[in-house]
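The following walks through a structure from overall dimensions down to single residues. Please keep the sequence and coordinates open while reading.

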Number of protein chains: 2
Amino acid sequence: MLGTMQEYPLTVSSLFRHGRQVYGASRVVTLEEKGTRSKTFAEVAERAERLAAALRQLGIGPGDRVGTFCWNTQEHLEAYLAVPSMGAVLHTLNIRLFPEQLAYVINHAEDKVVLVEDSLVPLLAKVLPELRTVRRFVVIGSGNASALGKEVLRYDELLAAQQPGFDWPELDERQAAAMCYTSGTTGNPKGVVYSHRSTWLHSFGITSAAIFGITERDRLLPIVPMFHANAWGTPYACWLAGTDLLMPGRFLQPDPLCRFISQEKPTVSAAVPTVWTAVLNYAEKNPVQLSSLRLVICGGSAVPQSLIEAFQVRHNVRIVQAWGMTEMSPLGSIAHPPRDTPASEDVTFRAKTGRIAPGVEMRLIDGAGKVVPWDGESVGEIEVKGPWVCASYANDPAPEKFHDGWLRTGDVGSIDSRGFMQITDRAKDVIKSGGEWISSVELENTLMAHPSVLEAAVIAVPDDRWVERPLACVVKKPGAVVEAHALRDFLEGRVAKFWLPERWAFIPEVPKTSVGKFDKKVLRARYADGKLEVLVVGAAQWPA
Amino acid sequence: MLGTMQEYPLTVSSLFRHGRQVYGASRVVTLEEKGTRSKTFAEVAERAERLAAALRQLGIGPGDRVGTFCWNTQEHLEAYLAVPSMGAVLHTLNIRLFPEQLAYVINHAEDKVVLVEDSLVPLLAKVLPELRTVRRFVVIGSGNASALGKEVLRYDELLAAQQPGFDWPELDERQAAAMCYTSGTTGNPKGVVYSHRSTWLHSFGITSAAIFGITERDRLLPIVPMFHANAWGTPYACWLAGTDLLMPGRFLQPDPLCRFISQEKPTVSAAVPTVWTAVLNYAEKNPVQLSSLRLVICGGSAVPQSLIEAFQVRHNVRIVQAWGMTEMSPLGSIAHPPRDTPASEDVTFRAKTGRIAPGVEMRLIDGAGKVVPWDGESVGEIEVKGPWVCASYANDPAPEKFHDGWLRTGDVGSIDSRGFMQITDRAKDVIKSGGEWISSVELENTLMAHPSVLEAAVIAVPDDRWVERPLACVVKKPGAVVEAHALRDFLEGRVAKFWLPERWAFIPEVPKTSVGKFDKKVLRARYADGKLEVLVVGAAQWPA
């Protein structure tokens, strides 16, 4: 027996209509070199209509990809609304990709038109000779664009030449709306293609009071770039909810950001921890008014509890960690403390990876492929399912990323009986020793609490008896004198006995990736090549 | 180009899993004759598993209908979770239907099993001889059930005989989850069949901060019955959000309700205006603690502004009007005041029909079938569209209720530029005069403000020149002396000139329906039969 309900497709166009019809007076404010500019949702919607008309004239048809090479601005939002609603596919290009990756993703997605901000023209021009599918560049702003050749078009001129009142097509909810490439540590970037349905559902999901709870009474400042998993979905959610969007453009340094915050008084903001650390430091020396913020969503990497505490104590601003992946649209969890949390534990909870969001299902799979219970202690790789979780990649199925219809997140952790998860490691960095898992991250964090240790990276090395064992690579603080057995003694009682490394190496520094993360690949290679001097202290213990 | 996202069906089972896994410690509290009883979501979930196993043993298969004849209780919630999740269809029976309607809906839906509360056995037994499809009655409670024959089963015994751990099937999101009959004023009741998808989406929708914004920190008291459009969707939404459910059972009188509120401290509640009026009166004479309520959702009929004011002033409790229909799952709008509403207008906004909810589309269609602008003045019939709006009825397509894929609500009103709607009349009561519409309700309300008028009902009567004209049927207050021309003078300046009725009838009382509404059908019939004495005063004016 079927329901008698309408077959109403869940589309970006329907979000778009709601925001413009009900919240036409809400505003999009964009930060510029000098001051700000502001438009209403109604004005932005009309400009999106003109943009769609212009793109159609440029030959963009159903399913064609339109790239954006932009910061967070009003024009980028216009593309967010127009491109999917006209039946084309928005491809947000990460301006921080290495040139070869950038060329790869544009060619792989077969972008036909790229919208590019004038300030970013030089960056895009670097890959110009490699691009095989782009027919037109549309430059936003009036800056010099000669590096892109003679055929560049100007965004404002294109819009001015069109009429409002675009005739939006009916769309199927499974159609592609937007795509975003993830840059994994190995292999080529992989394209996640959000459908209209997944975008609609994610947008609705994150307006729920259990997640961001944004309404028309909020003003949201997305600092996380719109080329990173759609700025965590905030532009669409704000449009749906009538929440003002405060767009920081390219001004992501603490000074302009803090002035923008003081002036426009956002109630909600979203950014990676690095941004908030910079803001915190800036606020120590400069008068900054952050108190309009009722919620700061922080994610992208683990959020230090000290950061949450400092914001709470010094600015009465509530930072809450959220976790997700490009493959998850991105929201998977948010660390709102559960009810009845004592005040003393409020910050601790907010620093956790988070509570499973409605709409998302999770399970933990251990090294033997078995489901692990939610007891807050047992660890396994986190697998996820849900209407806004991806099932494959664009022309790149990558079956190793999926498991019986679940997405393998590559993160390892535990979940407690209230659905609160804690990620302890990346699956590839976990050390599988004697059938048990050892968290390299926890060993590193414990070691780095030792007064003589500057940095520590722990990697798995092969072991005849235990399959893998941890090797602790330690950087001493300048002038510090400490030996491996003392560090091992320090760990004892702080971690399980069978975690205690018997292999140690003192190194001058931990190799890092371009974004500053520990590059364990390099350490593993050095070990394999016999280039690390390994000391052995004690012996591996049986798991208790 | 299609998205690469998972084909994850939106089902009641998925809501069910989320609530039990993440909010297993949330509670369902049921009010009883003496005191309350309480179970956790985890316990309720386990009982739902046993219920599903028991129903399967009774022969309930995919798509079979299971009726419920129950108040708002924990057991009713168990049926809400178990029946759709096992692939069967929950049919909530309105205990207030006339016997012939009740028999009609049970037979029309072909209910195989009916779960019935012991206190309601006598009511159901009245229609026993008429029932053609019911094989088994399952009685909740230990009260006498002999009126239903010898074959009755006991709910608790059935559950006790089963094991938890039911193997829930995979479901298609378009499958029927639940059904609810609407009792229109004419013809047989019509069955609205909610799909899994529509139920999932409505549940997600109403947890959004723009609608009810409920979270795990809330406790919700649904006074609106679970047989009225699923208690406005609150049981599913609460389960999804981990919100405690406070179930009032059959104790809907102000005395037990107020004690329940004082004791259990709900933060949100939902009921028709009559309930809140009774609570208000009760609270004048009895000590009542209502201050735990942060939001009272009120709907089902127009909410008097005076009621909202009284709750605000006397109890600091915020009543907000919501509007919808069984055909809309039911939520269509909610009257949260828009941002920047001055404090002086806050109550006025909350008494409006409401702002269009995210997920719902509306348009206004005038008498000529044209779309009317959203200017807050132009009126038309409200038509709605959306993923939780029905497209037809169970085995009863009723094409006159639909228009180009939109549901005709039968309500007439205006919408302003911010999506705030105001219903002014029922479409069938609107008077179509000279190509313009005259609101019978507004004429009635204005007339009833005259000191000599007790009641007034305005109906359309045929007119050679204007097609229709209003006939004002007036009941004078006892002992009052007033004439038609004085009433016409009173209206002048208060309504548009072309609205002024020239036909008047003084009647001893306005005929009423069984639920106390004006029965205009009877008045129209009396007029047609020449049984009303009509005075003519003045003449119809041209619309300005």
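The text begins with conventions, then takes up chain A as a whole, its aromatic rings, and a few sites in both chains.

This is a predicted model, in which local features need pLDDT of at least 70 and side-chain atom pairs count only at pLDDT 80 or more, while totals for chains, interfaces and linings use all residues. Residues are numbered from 1 along each chain as its sequence is written, chains are lettered from A and ligands numbered from 1 in the order in which they are written, and side-chain values use heavy atoms, with hydrogens and water left out.

Chain A contains 16 helices and 27 strands; these are DSSP runs numbered from the N terminus, helices being H or I of at least four residues and strands E of at least two. Its radius of gyration is 25 Å, close to the 24 Å that the globule rule gives for 544 residues, so chain A is as compact as a globular protein of that length. The radius is taken over C-alpha atoms, and the rule is 2.2 Å times the number of residues to the power 0.38. The C-alpha trace of chain A spans about 75 × 65 × 50 Å along its principal axes.

Of the 544 residues in chain A, 62% are buried. Buried means under 20% relative accessible area, exposed means over 50%, and partly exposed lies in between (1.4 Å probe, protein chains only). Among the contacts in chain A with a separation of 6 or more, 67% join residues 24 or more positions apart, where contact means heavy atoms within 4.5 Å.

A search of the whole structure gives 20 aromatic pairs over all chains. The rings of A:Trp200 and A:Phe204 have centres 3.9 Å apart and planes at 10 degrees, so this pair is stacked. Rings of Phe, Tyr and Trp (its six-membered ring) pair if their centres lie within 6.5 Å; planes under 30 degrees apart count as stacked, over 60 as edge-to-face and the rest as tilted. A:Trp200 and A:Phe204 are four residues apart in helix H7 (residues 196–207) of chain A, about one turn of the helix, and both are buried. For A:Tyr393 and A:Phe402 the ring centres are 5.9 Å apart and the planes at 50 degrees, so the pair is tilted. Both A:Tyr393 and A:Phe402 are buried. Elsewhere, ring pairs join A:Phe16, A:Phe41, A:Phe166, A:Trp168 and A:Trp239 into a cluster.

Charges also sit over rings. The charged end of A:Lys352 is over the ring of A:Phe349, 4.9 Å from its centre; the criterion is NZ of Lys or CZ of Arg within 6 Å of the ring centre and within 35 degrees of the ring normal. A:Lys476 lies over the face of A:Phe506, at 4.6 Å from the ring centre.

A:Arg355 belongs to strand S16 (residues 354–356) of chain A and, at 6% relative accessibility, counts as buried. A polar atom of the A:Arg355 side chain lies 2.8 Å from the backbone oxygen of A:Arg418. Leaving aside neighbours within four places in sequence, the contacts of A:Arg355 include B:Val22, B:Tyr23 and B:Glu216.

In chain B, 11 of the 11 residues of helix H7 (residues 196–206) are buried, so the helix is largely enclosed by the rest of the structure. B:Val192, in strand S9 (residues 190–195) of chain B, is buried with a relative accessible area of 0%. Not counting residues up to four places away in sequence, B:Val192 touches residues including A:Thr4, A:Met5 and B:Tyr393.

Conventions:
Polar contact = N/O pair within 3.5 Å; in protein donor to acceptor, adjacent residues only side chain to side chain.
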